[in-house]
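User: I would like to go through the labels on this model one by one. Please set each value against its definition.

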Amino acid sequence: MILGTLIYDGDCGFCLQSKDLLARLDHHGRVALLPLQDPGATELSGVSRTELAESLHWVGADGKRTTGAEAVNTALAAVTGSGLPVTLYRLPVIRQVQDRTYRWVAEHRGRLGSLTARFSRRSTVVDATKLVSKLPPSVNTKFARTLFNLPAPIRKALSGRPIRLDGQTLDPDMRLLLRLLELQGIDGLSAPGGPPLARKHLVENGPAVDVPRIEPVYASTMQIGELRSRLYTPAGLADGSPLLVFFHGGGWVIGDLDTHDNACRFLAQNAGVRVLSVDYRVAPEFPFPAAVDDALTAYHYARAHAAELGADPRMIAVGGDSAGGNLAIVTGLLADPDFVLAFYPSTSPEPTRSRKELFPSGFFITDKDMDYFADYYCPPKQRTDIRFAPALADDLSGMPPTYIATAGFDPLRDDGEAFAAKLAEAGVPVVLRRHRDLIHGYINMLGVGPRPAQALAEAAGTLRSAFAMPTS
């Protein structure tokens, strides 16, 4: 049964994008698509061809007619049965970005040079998206957050064809994120301008894939000697709680307290723990083993001052992601924490299949990034030191119980999983969880569909359970 007809201008980029989206979603042929150039368009719509130009018109089977943004909304609601609110497309996100792009291009024409010559009012949505990277970060963030708040069927349609590798299928929202990064020319975390520029990019782009600040969690900045740190306490948590000492990721070169703020808030709230996030020194200003020294300093401080932090000194865990996961594992190897929580950690300098063959590029972090960060952090001659490569330790039997989470589409996947196997061989209680549909960095992507939050919630539940048993 035909529910209606969408009349579109074949010369309008936004109209064509809307038409293509509907075509991908309309699996049962419930909407007819008619270009305004068709002789029957004028008669069906009841308006002149001039009025049809650069617009969209919906003519429902019930005779209802809408135009412009409301036409898109009505057609999408008919196709998906989702009852999308009209306000979603009253100012369509793509058109908003296009309009802001046009204004910004006009103001910065001299800086953009010949690029503006190829950009006109009839540019396609892809053209507009390519220029998003040149917009102020606040606009970019609003664009991404609005995009990832669209209904799931629309996000899936926009994400393109499924990506399947090594028997795994990438989550559609991860596909959409990678597609946006590709359109903006971003592949990896390193930057030609060196660490200062890479840090700047991480700070500017991070909010686009995150959610608004998680509340109610109280955060207070404090000093551990020269180390700036931040203590997170979820509302209502009594004194004597477990404490997680957390080390942020970023290849020992980028990242800070703010880039991992929401991840720490999420863990505190969902695991029922206090979280002490540590702003350890980073390379190249402070090369190896400065970060390890700072991690150990922070851990020993937390153990000695647990009561002052509101924590139980018998329930101190260490955790982190990527390079921070490495620091957590090294701390577990060299000190005596009660639990280790490591997300996609780096543990060995040896190349792996996931890094060199399966996911060397195109999945947020690249093989090139890893060389970039390692070269800034640790000289090659020191990379057999277990403080850099804990997987090379002769004896892992003294490690505390450990939870290791990996991502299926991550160059570091095999590294973390091989280390988990070594822990098991050494008799260490270890839980290994591969999230087969996710990519590296997912704990900071809570705004990219539901899967990152689900994966982080699982880790939080494991941490909560680890300390649920009575202590002696």
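Analyst: Buried means under 20% relative accessible area, exposed means over 50%, and partly exposed lies in between (1.4 Å probe, protein chains only). Helices (H or I, at least four residues) and strands (E, at least two) are DSSP runs, numbered from the N terminus. The model is predicted: local features need pLDDT of at least 70, side-chain atom pairs count only at pLDDT 80 or more, and totals for chains, interfaces and linings use all residues. Residues are numbered from 1 along each chain as its sequence is written, and side-chain values use heavy atoms, with hydrogens and water left out.

User: What makes strand S11 mostly covered?

Analyst: The count of buried residues. Strand S11 (residues 311-321) has 11 residues, and nine of them are buried.

User: Which strands pair with S11, and in what sense?

Analyst: Two strands pair if DSSP finds at least two bridges between them. Phe247 stands opposite Gly320 in S11. Strand S12 (residues 339-343) is joined to S11 by five bridges, also running parallel. There, Ala317 has Phe339 of S12 as its bridge partner.

User: What is the handedness of the unit made by S11, H15 and S12?

Analyst: This β-α-β unit is right-handed. The term applies if, with the strands pointing away from the viewer, the path from the first strand over the helix to the second runs clockwise.

User: Why do S2 and S4 count as edge strands?

Analyst: The open sheet has the order S2-S1-S3-S4, with mixed pairing. Strand S2 (31-35) and strand S4 (65-67) each pair on one side only. S4 is joined to strand S3 (residues 56-60) by three bridges, running antiparallel. One of the partners there is Thr67 in S4, bridged to His57.

User: How many disulfides does the search find?

Analyst: Zero, over the whole structure. A disulfide is a pair of cysteine sulfur atoms within 2.5 Å.

User: Why are Cys264 and Cys378 called buried?

Analyst: Cys264 has a relative accessible area of 0%, so it is buried. Cys378 is buried too, because its relative accessible area is 0%.
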